[in-house]
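We will go from stop to stop, and at each one you will hear what to select.

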Amino acid sequence: MQRFKSIIIPMQGKSKNNLHWLYNTATDIEPPKIFSYYSLRFQFDGTSHRNSEKLLLIVEIPVPFTELTETDTIPLENYLLGFLAPVINDLSYEYVNNDKNVREKAQFEVQTVNEVMLRRSGIHYNRDNNSVILTIHFCVPLVNALSVNARSAIRAVRDILEHIENVMKSLDQDKLSAYISCYHNQLRIREYLKCHDLCAFIANGSILPRENGTLKPMKNAIPFCSPKELEVTIPLDKGEKLAGMGIKRGVTVITGGGYSGKSTLLDAIEAGIYNHIPGDGREYVITNDSALKIY
């Protein structure tokens, strides 16, 4: 942090165009501008020559878990991003001052996650040193929209790093294990579909309806139960099994009266091309990822 201060403090009151000195590449004379704060390391990168105050704050966070496989990285990244993003984005809201020009306060934002487990640009796992790299869009506070407010920038960066440091101490390892286990099961089900001429699977007990206007599972919804003639049982890891409805390749017709759940079932099958997080209700609604929806 001291090195970061030594570079940005001289910019106080100077043109924002000087901010490139925070992230210029290393030379034979000067080491790379990688700063540290407690267990965290951080650096900056630019996004725009025209808006030089808009930077990327890239934070390297040690991961307190070992023996992670390549398959574990996507659920790990999604869990940690879902854990960190609300904390940092809520902190950003505290910096909003409606009585001042927005440029006079630091603004920052982290990519948010939804119910889908995907590879995301906002975070990635670095296997070389067992850490995750979190990318934060960070706007340096300015005076009169032209000159750098270095002291305010230092306070904001320190606040962000302290919040990250504190929240990482309260990670729920059981919840992370649930993410990883769920993701492994989803991959196993996808492999089963390919080998048994199935295009989709809906596990018994799945919650398919969504709360009005949200993507969250509907409270007090009736869990899905497969017709016996369509039920299949899929073996999972550690001797576990999962039963549900298997839809074979070919023509399948879904019938029913009004408000009987036809569209809800089709929506869940459509979303099943992606893996979902535990607790979504549709985490074991799995559809072959080559599926297309045609009107």
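Is Val285 buried or exposed? Select Val285: its relative accessibility is 1%, so Val285 counts as buried (buried is under 20% relative accessible area, exposed over 50%, partly exposed in between, with a 1.4 Å probe and protein chains only).

A note before we move on: this is a predicted model, in which local features need pLDDT of at least 70, side-chain atom pairs count only at pLDDT 80 or more, and totals for chains, interfaces and linings use all residues. Residues are numbered from 1 along each chain as its sequence is written, and side-chain values use heavy atoms, leaving out hydrogens and water.

**Around Val285**

Val285 belongs to strand 14 (residues 285-287); strands (E, at least two residues) and helices (H or I, at least four) are DSSP runs numbered from the N terminus. Now show the contacts of Val285, meaning heavy atoms within 4.5 Å. Beyond its neighbours within four places in sequence, Val285 is in contact with residues including Phe201, Leu208 and Ile269.

**The cores**

Next, select Phe42 and Ile164. These two have the most contacts inside the largest nonpolar core, which has 57 residues. Such a core is a set of buried Ala, Val, Leu, Ile, Met, Phe, Trp, Tyr and Cys residues joined through side-chain atoms within 4.5 Å. Helix 3 (residues 150-168) gives the largest share of this core, 10 residues. For a second, separate core of 13 residues, pick Cys182, Tyr192, Leu198 and Leu236, which are among its members.

**Two helices**

Colour helix 2 (residues 73-94) and helix 4 (residues 173-195): their axes come within 9 Å and cross at roughly 140°. The axes are lines fitted to C-alpha atoms over the stretch in contact, with angles from 0 to 180 degrees between N-to-C directions. Helix 2 and helix 4 are therefore oblique to each other, since angles under 35 degrees count as roughly parallel, over 145 as roughly antiparallel, 65 to 115 as roughly perpendicular and the rest as oblique. Show side chains here: Ile74, Pro75, Leu76 and Tyr79 of helix 2 meet Lys175, Leu176, Tyr179, Ile180 and Tyr183 of helix 4.

Most residues other than glycine have a negative phi. Select Tyr38, in the loop between strand 1 (35-37) and strand 2 (40-46): its phi is positive, about 55°. Tyr38 counts as exposed, at 68% relative accessibility.

Finish at Asn220, in the loop between strand 10 (198-203) and strand 11 (231-235). Its phi is also positive, near 60°, and Asn220 is exposed, with a relative accessible area of 80%.
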